[in-house]
Amino acid sequence: MRTRFLTLDQLDQRDERAWRQLADRSAEANPFFEPEFVLAAARHLAPRGGGLLVAEEGADWVACLPVSQRATKLQVPVIAGWRTPYSFLGTPLVAQGAERVLPRLVSEIQRGRLSGVTMLDQISHRSVAWQAIEDGVGRGELVALARRDFDRAAFAPEGDSPELPLSSRRRADLRRTRRRLEELLGGDVELVQVDPVGGAVDEFLALEGSGWKGNAGTALSARASHARFFADLCRGFARQGRLEMMALRCAGRTLAMVTLLAARNSRYAFKMAFDEEFRKQAPGAQLIVEFTEHPRDGGAHYMDSCADPDNEIMNRLWPDRRALVSVALARPGVRAGVLKRALRIAGRGPAVAGAQPRPATEVATR
């Protein structure tokens, strides 16, 4: 096995094919580390020093960790798992059975002086990738300088039923607000599958921009490069049949929209938006229940909210939790002790990257 660092402009078609093949067979899927996401972000968001750390066996990639340089108060180089404002999972791609390569890959980064510290954000706690990293720390191959554990709302359906375990009172509240929407608009509320290749992307951008994110300047449409990233990302995932866009509509009025990234039997609620004129009627909550219980393909899928841990609406509607870990790693030795103290002094100890707080809204508007 060999390891290497590739800048994104070094990738050729063979590399992209090997990357895509690894993503397809990775022990745990991660759409945020796949070519369609990372390359779209590189084209439009341009993280500093972005590239791929790759482990290969022959012509096959067995592990891949997209990384970029990170600015910190530390006086040493820091390489971190790829992070953009729209990255919600940092589990490395690794082929089933090749998990032991991950501690070595991190160690090779530091031996090659790409980094004195490697920061990995939002790794799924139950993944084989995290287990391999934790085992590497236990064997003394790596030192954990700092660690943060947290979780966020998710929905893990039981059996083949996608029905949410909502209380009768909650169901009654949803029926009441739905009837009020229909009274106000003079039509039936319905969930509609929309074509992401058509005008749905522009419709979503306009809806999101009309709300508090537009006023705060944080909507995708507020920055042309971010809007282009979103459109590019949607095209890439749509080509693979892995993008689901749905709208809640009534009498021709779009009340809320969601963009889901599909990865095997999981769905990631990547971006959501709703019409704030109808905030009191909770169109966002109506949409979440509708697309969860009426998936496009009729199956029951694991749902990751991609929301902040304290998002009240998602926490009420999706009862399960996805456990995540962020960790700062170094090679063993005297320097690791110095770095651990430096991280603590710099105030990065327990908060090694985690979720960023967002303003409270009627629904998680990712």
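Analyst: Arg331 is partly exposed, because its relative accessible area is 33%, a class that lies between buried, under 20%, and exposed, over 50%, as computed with a 1.4 Å probe on protein chains only. This is a predicted model, in which local features need pLDDT of at least 70 and side-chain atom pairs count only at pLDDT 80 or more, while totals for chains, interfaces and linings use all residues. Residues are numbered from 1 along each chain as its sequence is written, and side-chain values use heavy atoms, with hydrogens and water left out.

Arg331 sits in the loop between β13 (320-330) and α11 (334-345), where helices (H or I, at least four residues) and strands (E, at least two) are DSSP runs numbered from the N terminus. Although 223 residues separate Arg331 from Glu108 in sequence, their C-alpha atoms are 9.2 Å apart in space.

Ser107, which belongs to helix α3 (residues 101-111), is in contact (heavy atoms within 4.5 Å) with Leu142 and Arg331 once its neighbours within four places in sequence are left aside. Ser107 has a relative accessible area of 10% and is therefore buried.

Turning to the strands, β3 (residues 60-69) and β4 (residues 78-81) pair in the antiparallel sense over 3 bridges, pairing being assigned if DSSP finds at least two bridges between two strands. Within β4, Ile79 is the bridge partner of Gln69. Strand β4 also pairs with β6 (residues 117-124), in the parallel sense and over 3 bridges, and in β6 the bridge partner of Ile79 is Thr118.
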